[in-house]
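Visitor: I would like to go through this model with you, beginning with the chain as a whole and then turning to single residues. Could you guide me?

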Amino acid sequence: MAETDDEIQFHLARRIETLIALGMPPEDARAEAIRRFGSMAEGRALMVRAARTRDGRLTLLERLDGVRHELSYTVRQLRRAPGFTIAVVVSLALGIGANATMFGIIDRVLLHPLSGVVDPVGVVSIGEVRTFAGQPDRNSTLSYPAYTDYRDHVPAFAAVGAAESPQDASLGVGDAARKIRVMFVTPSYLALTGARPALGRFFAADEDQPPSGADVAVVTHGFWQRELGSATDAIGTTLEIGSRRFAIVGVAPRDFTGLQYGPVDVFIPLSAGAELEFGHKDWATQRNDYWLQLYGRLAPGASVVKA
């Protein structure tokens, strides 16, 4: 600010001297110089703005030049130590990948409700606490008989469904075979979500009767678009999964993957999937086979404590 005032006074004094040299009296010369100079306040403000703009441009250029030098130096150093460079790149890739994955999980679990699930607050996961070696042992997976117990004898649940976690399976045979994600579920599992199929229907109760279920399938919306070209006549066509063929009876709504967060391509009735996986008929009576995840929808007016 002081430099600006000094510069204004310098130009004003030079103009006064010029007018005096032209024969004007000193007092008249000063008054004329001030008149020609204009408002002192406006001139001062204009000069301050110009100085700040100039300094800002110089600062930006200096910063860019500094960044250029730093990048050049960094590149030279990385070229001299390729092993260190690889370690840095791998570390950054792992860090970025891990953060992206965690954000995806947090975004799905905490920020957005389960897609297609009606009133997800009313749906609960069912587990048990058992005693093992004198210590409580929490189990999130239960047996099929436990599923029927909760389904038939806990009135606080309007519906109870069972499912096995999504797993890899082979679609097709030979060179054309490719990996997909299948999920074995009870008809009640799909029903308690409140979701409605985009095409066709979900499983009927008589298609999931132990020990053998019907060879039918419900495909996810993404699978329908990707593998079946969004064909409206996909209902009734078959998918060769493993050693069996499953007829498509329905297409799930967009983004619906059930009550779990892993990707799913095809839903298969639990009984058909269990027979396909286990290859024996007594899986439905084994209380020590902990392989199912159970979910319940609370009945109207029921609480978790009551359930």
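Guide: The secondary structure of the chain comes to eight helices and twelve strands, where helices (H or I, at least four residues) and strands (E, at least two) are DSSP runs numbered from the N terminus. This is a predicted model, in which local features need pLDDT of at least 70 and side-chain atom pairs count only at pLDDT 80 or more, while totals for chains, interfaces and linings use all residues. Residues are numbered from 1 along each chain as its sequence is written, and side-chain values use heavy atoms, with hydrogens and water left out.

Visitor: What percentage of the 307 residues in the chain is buried?
Guide: Buried means under 20% relative accessible area, exposed over 50%, and partly exposed in between (1.4 Å probe, protein chains only). By that criterion, the buried part of the 307 residues in the chain is 34%.

Visitor: Is Q293 buried or exposed?
Guide: Q293 lies in strand 12, which covers residues 293–298. Its relative accessibility is 18%, and because buried means under 20%, Q293 counts as buried.

Visitor: Which residue has a side chain joined to that of Q293 by a polar contact?
Guide: Leaving aside residues up to four places away in sequence, Q293 touches S140, T141, G161, A162, A163, S165 and Q260, contact meaning heavy atoms within 4.5 Å. A polar contact is a pair of N or O atoms within 3.5 Å; within protein, one must be able to donate a hydrogen and the other to accept it, and residues adjacent in sequence count only if both atoms are side-chain atoms. At 3.4 Å, the side chain joined to that of Q293 by such a contact belongs to S165.

Visitor: Which residue in strand 6 is the bridge partner of Q167?
Guide: Strand 5 (residues 167–171) and strand 6 (residues 178–185) run antiparallel and are joined by five bridges, two strands being paired if DSSP finds at least two bridges between them. They form a hairpin with six residues between them, and G172 in the turn has a positive phi of about 85°. Within strand 6, the bridge partner of Q167 is V182.

Visitor: What is the angle between the planes of W283 and W291?
Guide: Rings of Phe, Tyr and Trp (its six-membered ring) pair if their centres lie within 6.5 Å, with planes under 30 degrees apart counted as stacked, over 60 as edge-to-face and the rest as tilted. A search of the whole structure finds five aromatic pairs. W283 and W291 form an edge-to-face pair, 5.9 Å centre to centre, and the angle between their planes is 85°.

Visitor: Which residues are linked by ring pairs into a cluster with W283 and W291?
Guide: W283 is buried, with a relative accessible area of 0%, and W291 is also buried, at 11%. The ring pairs link W283 and W291 into a cluster with Y144 and Y147.

Visitor: What is the value of phi for D255?
Guide: Most residues other than glycine have a negative phi, and most peptide bonds are trans. D255 is found in the loop between strand 10 (244–251) and strand 11 (266–269), and at 54% relative accessibility it counts as exposed. Its phi is positive, in a residue other than glycine, and is near 70°.

Visitor: Where is the cis peptide bond that has omega near 10°?
Guide: One of the two residues concerned, P211, lies in the loop between strand 7 (199–200) and strand 8 (216–219). The cis bond with omega near 10° is the one from P210 to P211.
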